[in-house]
Amino acid sequence: MYSALTHLDCSRCGRRFDASQVQGTCECGSPLLARYDTERVAALISPSELADRPADLWRYHELLPVGEAGHVVSLGEGMTPLLAMSSLGGDLGVPRLLMKDEGLIPTGTFKARGAAVGVSRAAELGVTGVAMPTNGNAGAAWALYAARAGLSSLIVMPVDAPEITRAECAAAGAELYLVDGLIGDAGRLVGAAIPARTGYQDTSTLKEPYRLEGKKTMGIEIAEQLGWRFPDVIVYPTGGGVGIIGIYKALLELRELGWVSGDLPRLVAVQAAGCAPIVTAFASGARQSEPWPDPKTVAFGITVPKALGDFLVLDSLYATSGTAIAVEDDALLADQRAVARLEGCFICPEGAACFTAVRRLREAGWLSGRELVVVLNTGSGLKYPGTVPVRARVEVPVLATSDSIPPQQVPREHGA
Ligand SMILES: Cc1ncc(COP(=O)(O)O)c(C=O)c1O
Ligand SMILES: [Zn+2]
């Protein structure tokens with residue numbers, strides 16, 4: 001048995017769907033969740049047996065939807081490092097701080113996980129083209145995995161999305177459009193184009209069920225890397241919410257399998273102050289969010305004014321006694337540099353927002369400083385070169401060939 005997938009359930013009304021057919025959302029408009037025969041998986045394998053498998057996300061293939069090993073489309077994604085952040089942790093008053101670094105995955109962001117699993121399963125079910133709106137990184141990942149699978153891709157992104165992601169789509173041979181608007185506008189254009197195309201599937205966030213399955217592997221890996229234990233807190237930069245919903249799904253499946261016991265980690269959804277619909281909804285105890293007017297942040301991946309899965313994100317926060325917090329761009333940009341200076345990691349602004357959130361939660365006493373805290377850095381800083389401007393003659397001197405370099409300076413204190 002390669003996959004223990006049995007069926008799909010509607011996440012809102014519970015209606016059951018056939019997983020052997022291409023599926024979108026439920027008639028009630030909500031995302032579908034993949035279900036597995038966990039009893040059978042638990043009877044067949046134990047977590048210790050996984051240790052001998054290759055160090056990629058396909059080591060959890062029983063808990064993924066792809067039916068046959070031969071249908072896996074892979075670029076070697078998964079098993080990203082879980083790094084101790086001791087210097088920064090000391091600075092923040094959270095000494096047991098870890099970072100799972102998704103900047104080291106193919107395409108440079110965690111989006112590779114959803115793309116690998118989503119594209120593999122789509123191709124397995126006979127889809128010949130994937131179509132999606134994106135804030136950039138997901139489109140780049142799906143375009144590249146689609147290229148590897150021999151599928152066509154139609155990608156629409158805001159004109160303000162990170163430029164490198166355009167280049168990735170173009171290089172991969174995607175049919176690429178930029179829209180003078182936001183991800184929701186891109187989504188409407190994609191939705192209108194699909195009915196006229198044969199073989200294409202709408203792979204928008206949570207409008208197909210398997211991207212989520214790829215992203216849930218972040219949660220399984222965290223548990224495995226901690227010796228099949230949960231941390232106390234997981235901090236995640238939340239846009240469309242697929243990552244945090246996927247991690248929560250993984251935690252529940254691991255408990256159901258009996259592979260991990262004990263309390264679930266408290267989940268923290270981090271957003272930018274310039275686009276914080278989940279934070280606002282959480283603060284009022286709401287079960288879903290209201291569209292955020294005029295969203296704006298340098299953390300472009302989390303510029304999602306209204307997420308289809310907002311109620312699932314909020315459920316995961318309430319169910320784990322978690323929280324939601326918004327941080328300003330100047331603070332997250334300062335922490336992006338702090339992480340590089342103190343830990344040697346050049347992370348993306350979305351990941352940096354999570355460290356600012358840890359700082360604030362510690363100051364507010366929500367974190368005591370004794371917890372084991374895992375921050376997800378969802379991508380490499382290399383995808384956002386503009387966030388650390390280093391212009392010749394402005395931020396950095398340019399020497400004439402006849403100039404000399406100034407004398408050695410006293411090294412800065414660690415943390416200064
Ligand atoms: C780097 C980065 N981090 C976080 C996110 C948010 O992802 P999610 O849909 O899982 O909330 C995105 C989405 O574009 C992203 O590109
Ligand atoms: Zn439904």
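Guide: The largest pocket holds about 690 Å³ of space, a volume being the space filled by probe spheres set on grid points that are joined across faces, edges and corners. A pocket is defined on a 1 Å grid over the protein atoms alone, as an open set of points where a 1.4 Å probe fits, with protein on both sides within 12 Å along at least five of seven lines; its lining residues have an atom within 4 Å of a point. Of the 40 lining residues, Ile-183, Thr-205, Gly-240, Val-304 and Lys-306 are the closest to the centre of the pocket.

This is a predicted model, in which local features need pLDDT of at least 70 and side-chain atom pairs count only at pLDDT 80 or more, while totals for chains, interfaces and linings use all residues. Residues are numbered from 1 along each chain as its sequence is written, chains are lettered from A and ligands numbered from 1 in the order in which they are written, and side-chain values use heavy atoms, with hydrogens and water left out.

Among the elements that each supply at least two lining residues are α5 (137-149) and α8 (211-225). The largest contribution, five residues, comes from α7; helices (H or I, at least four residues) and strands (E, at least two) are DSSP runs, numbered from the N terminus.

Ligand 1 sits in this largest pocket, which requires that more than half of its atoms lie within 2 Å of the grid points. Both β10 (233-237) and α9 (242-257) provide at least two residues of the shell around ligand 1.

Polar contacts are pairs of N or O atoms within 3.5 Å. An oxygen atom of ligand 1 lies 3.1 Å from an N or O atom in the side chain of Lys-111, and for the side chain of Tyr-236 the corresponding distance is 3.0 Å. A polar backbone atom of Gly-240 is 3.3 Å from an oxygen atom of the ligand.

Technical notes
Polar contact = N/O pair within 3.5 Å; in protein donor to acceptor, adjacent residues only side chain to side chain.
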